[in-house]
Amino acid sequence: MGSDYGKHAPKRVFIVIILLAILTYLLLSFMLWDVSVGLEGESEIEVEYGENWNDPGAVANTNHFLLPVLNENINVKENGTIDTKSLGKQKITYTASFDGKESSVDRYVTVVDTKGPEITLVSNPNTYTLPGHDYEEEGYKAVDIVDGDITDSVKRMVKEDKIIYTATDSSGNTTEVERIIVYDDRNAPTIDLHDAEEVNWPYNIEYEDYEVTAIDDGDGDVTDKIKVSGEVDVSVPGVYVLKYTVEDSHNNTATSERIVNVKYEMPDNGKYVYLTFDDGPGKYTEKLLDIFDKYGVKATFFVTSGASGYRDLIGEEYRRGHTVAVHTYSHKYEEIYSSEEAYWKDFNRMNDLIEEQTGQRTNLFRFPGGSSNMISANYNKGIMSRLAIQAAEKGYVYFDWNVSSGDAGGTTSSNDVYNNIINEIKNRDISIVLCHDVKSYTVDAIEDVIKYCKKNGYTILPLDAGSPTAHHAIGN
């Protein structure tokens, strides 16, 4: 019995020692436990000015292994807030306490400004700068998230074809934007005729052009670059067009026209005869032109397409200084008076032929049958009244007559033609005489008519836009 006790004594002593050690550890742990606070995330954090602050938070723990339930029952309190609208370092303290035990930890949050100002350029997509000219600022604005509007501190630097705008805020952040300067020249020069778009010029007086200037928004005064086309033949009364063309250094071209009316100057208190001839040219027209040349007289020809073999005489009439005007292309009443459209179609066709022969169009004409004709009523009621109004709207001048040679009716002899004309012009100061150069007996009478007029103080003139029109009363 005694021997067994002694045999197992060391084992029992060891067990006691282990138990005492465990008891001691548990006692010390119970007496010395504590609370600790741990940060979630970094202890020092930077946040951008004005952005939302998302707090990572903190957690509390105990160091007593027998009291893990404490971790769930210990609350962490925060002391301090982060104002992201205030630059600089700010502090939040996290604190945990339990049963007289307390622990805390700090986190430092620095609110920083790393974003540069925002520069906004005002720009019109249609705006451009003339080459060689300074760019005219359209506008800009600079706003910083911290400093607000700092437009006044923006620096501008022009560099070749661009402008560089630089803005720096109080934190030293710099923003730079560029504006590309669009260099262009889109406007043609402006030609100034100085209120002389249409002028009258006396017959046989050398023409001197009126003032004309040109200004370009890029090149300035470009008057010396004006080119003039067209001529004024003062020996031939009529309407002439001078065309002025000017081009700037960027190929923008402007044109303008001046109308020059070459007219006979009518002496005061004179007596005037306008010899007019319808329906030609024909086979007697050239003989008539020679008669006029012999006496230095100019007349008026209201022409038609006539006989094709004589159309070249339209140009010859013009070249010899006579007035060439529209009568009709077809002279078919039933066609030309069927509608206004038909009339002007015929008119334009004849004017095309005149332009082909003379190089220019005319705004003078005579209605087939005159404005008082009633045959037109057979085809279109009221057409003459409407055509007369339309002619004025188009800028055309029509002429009737107040003296008839009679060759459109029953007269068939030169002697009768002569007497008809002379008997009527005797009682007038201004006579517009209706004749037909397609009648041989009329052409044969003209030389005697000219002699009578010269002997009795009449001035024979061709018609122009300012001449008397002798309009009839319109009956349709």
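In helix α4 (residues 312-319) of this predicted model, the residues Leu313, Ile314, Gly315, Glu317 and Tyr318 are buried, where buried means under 20% relative accessible area, exposed over 50% and partly exposed in between (1.4 Å probe, protein chains only). Helices (H or I, at least four residues) and strands (E, at least two) are DSSP runs, numbered from the N terminus. The cover over the buried residues of α4 includes β18 (238-247), α3 (285-295), β21, β22 and α6 (340-358). Gly321, which follows α4, has a positive phi near 95°. Residues are numbered from 1 along each chain as its sequence is written. As the model is predicted, local features need pLDDT of at least 70 and side-chain atom pairs count only at pLDDT 80 or more, while totals for chains, interfaces and linings use all residues; side-chain values use heavy atoms, with hydrogens and water left out.

Strand β22 (residues 323-328) has six of its six residues buried, so this strand is largely enclosed by the rest of the structure. Its pairing with strand β21 (residues 300-304) is parallel and extends over five bridges; two strands are taken to pair if DSSP finds at least two bridges between them. Thr300 has Thr323 of β22 as its bridge partner.

The largest nonpolar core has 70 residues. Such a core is a set of buried Ala, Val, Leu, Ile, Met, Phe, Trp, Tyr and Cys residues joined through side-chain atoms within 4.5 Å. Val260, Leu275, Phe277, Phe292, Tyr337, Tyr343 and Ile425 touch the most other members. The greatest contribution to this core comes from helix α9 (residues 440-455), with eight residues. Another core, of 13 residues, lies apart from it and includes Val35, Val37, Ala60 and Ile74. With neighbours within four places in sequence left aside, Tyr337 is in contact (heavy atoms within 4.5 Å) with Tyr343, Phe367, Pro368, Asn373, Ser376, Tyr379, Asn380, Ile383, Met384 and Leu387.

An open sheet of four strands shows mixed pairing in the order β2-β6-β5-β4. The edges are taken by β2 (44-48) and β4 (76-79), each with a single partner strand, so one side of each has no neighbour in the sheet. On average, neighbouring strands of this sheet are turned by 30° against each other, direction ignored; axes are lines fitted to C-alpha atoms, for helices over the stretch in contact, and angles run from 0 to 180 degrees between N-to-C directions. β2 and strand β6 (residues 101-112) run parallel and are joined by five bridges, with Glu44 opposite Tyr108 in β6.

Strand β15 (residues 213-216) has Ala214 and Asp216 on a covered face and Thr213 and Ile215 on an uncovered one. Strand β13 (residues 190-192) runs antiparallel to β15 and is joined to it by three bridges, with Asp192 opposite Thr213. Two bridges connect β15 to strand β16 (residues 220-221), also in the antiparallel sense, and Ile215 has Asp221 of β16 as its bridge partner. β15 and β16 form a hairpin with three residues between them. Asp217 lies in the loop between these two strands and is partly exposed, with a relative accessible area of 35%. Apart from neighbours within four places in sequence, Asp217 is in contact with Tyr128, Leu130, His133, Asp185 and Asn187. Pro189 is 28 residues from Asp217 in sequence, with a C-alpha to C-alpha separation of 6.8 Å.

The loop between β20 (271-278) and α3 contains Pro281, which is joined to Gly280 by a cis peptide bond with omega of about 5°. Asp279 is found in the loop between β20 and α3. This residue has a positive phi of about 80° although it is not a glycine, and at 23% relative accessibility it counts as partly exposed. Glu160, also not a glycine, has a positive phi of about 55°. Glu160 is located in the loop between β10 (155-159) and β11 (162-168) and is exposed, with a relative accessible area of 70%.

The protein has nine helices and 27 strands. Buried residues account for 39% of its 476 residues. The radius of gyration is 55 Å, whereas a compact globule of 476 residues would have a value near 23 Å; the radius is taken over C-alpha atoms, and the globule rule is 2.2 Å times the number of residues to the power 0.38. Along the principal axes, the C-alpha atoms fill a box of roughly 195 × 50 × 35 Å.
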